[in-house]
Amino acid sequence: MLILERANWTEYMPKYTKVLKEYGITEFQYIPLPTVSVEEAKQLLLNSAGIIIGGGNSELYAEYIAETTISKILKEQYSAGVPIAAFSAGALISMEKCIISAKDNVDQIFKSKAGLGLLKDTVIAVHFSEWMDESHLRTAVKMFQPRFNFGIDEGTGMYWCNNTLIGIEGKGVYRLKNDHLEKIDKPM
């Protein structure tokens with residue numbers, strides 16, 4: 001589990017591991033950055049059967065993961081078929097461009113940073129309904145002209161295989177199509 005260390009970080013871990021434990025997965029390796037060195041993190045990731053990228057400060061996730069050599073290992077593991085789950089900031093950095101909402105940074109402005117590129121030609125807005133972030137998604141679509149765009153509510157999962165959306169579950173996923181916002185509940 002790749003996360004950024006913050007106060008009381010261990011209290012968040014059950015949110016990520018609860019469902020896995022229900023399916024009998026009980027062994028987890030926690031990789032809190034920057035406490036764990038980049039080299040140690042890379043070795044732990046290389047030996048992982050599955051990877052979870054947590055949530056938190058999106059700018060710091062981009063800085064500590066997407067903009068370091070850790071990103072190369074994540075891309076290699078993803079290409080080799082190792083499943084990667086990502087939450088909030090982790091989901092944002094999974095795209096080619098990490099698009100950060102004005103509601104998700106102290107400067108309160110739209111920001112773009114380098115992402116991991118696990119998903120291509122796609123932009124997302126996380127906490128979509130909760131943050132009422134349609135304007136953020138519209139700005140991202142206008143700036144980057146991606147093939148795919150999604151607004152994802154909290155408590156929602158999207159499942160991808162080979163850059164193809166194969167499943168949706170949870171509260172809500174939205175997309176802009178022909179300049180109109182529509183809710184989708186199944187892969188396109």
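## A guided tour of the charged pairs

Of the protein's 188 residues, 44% count as buried, where buried means under 20% relative accessible area, exposed over 50% and partly exposed in between (1.4 Å probe, protein chains only). This is a predicted model, in which local features need pLDDT of at least 70 and side-chain atom pairs count only at pLDDT 80 or more, while totals for chains, interfaces and linings use all residues. Residues are numbered from 1 along each chain as its sequence is written, and side-chain values use heavy atoms, with hydrogens and water left out.

**Whole chain.** Begin with a cartoon view, which shows six helices and twelve strands; these are DSSP runs numbered from the N terminus (helices: H or I, at least four residues; strands: E, at least two). The C-alpha trace spans about 45 × 35 × 30 Å along its principal axes. Residues 24 or more positions apart supply 58% of the contacts with a separation of 6 or more, a contact being heavy atoms within 4.5 Å.

**Lys42.** Next, select Lys42 in helix H2 (residues 38–46). Its relative accessibility is 16%, so Lys42 counts as buried. Leaving aside residues up to four places away in sequence, Lys42 touches Thr69, Ile70 and Ile73.

**Glu59 and Lys111.** The whole structure holds nine salt bridges, each defined as a side-chain nitrogen of Lys or Arg within 4 Å of a carboxyl oxygen of Asp or Glu. Select Glu59 and Lys111, whose side chains form one of them at 2.7 Å, N to O. This pair links distant parts of the chain, with Glu59 in helix H3 (residues 58–66) and Lys111 in strand S6 (residues 111–114), 52 residues apart. Both partners are buried: Glu59 has a relative accessible area of 17%, and Lys111 has 13%.

**Glu130 and Lys171.** Move on to the salt bridge between Glu130 and Lys171 (3.7 Å, N to O). Glu130 sits in the loop between strand S7 (122–126) and helix H6 (134–144), and Lys171 in the loop between strand S10 (164–170) and strand S11 (173–177), so the pair ties together parts that are 41 residues apart in sequence. Glu130 is partly exposed, at 31% relative accessibility.

**Arg175 and Glu182.** Finally, select Arg175 and Glu182, a salt bridge in which the closest N and O atoms are 2.5 Å apart. Arg175 is buried, with a relative accessible area of 16%, whereas Glu182 is partly exposed at 28%.
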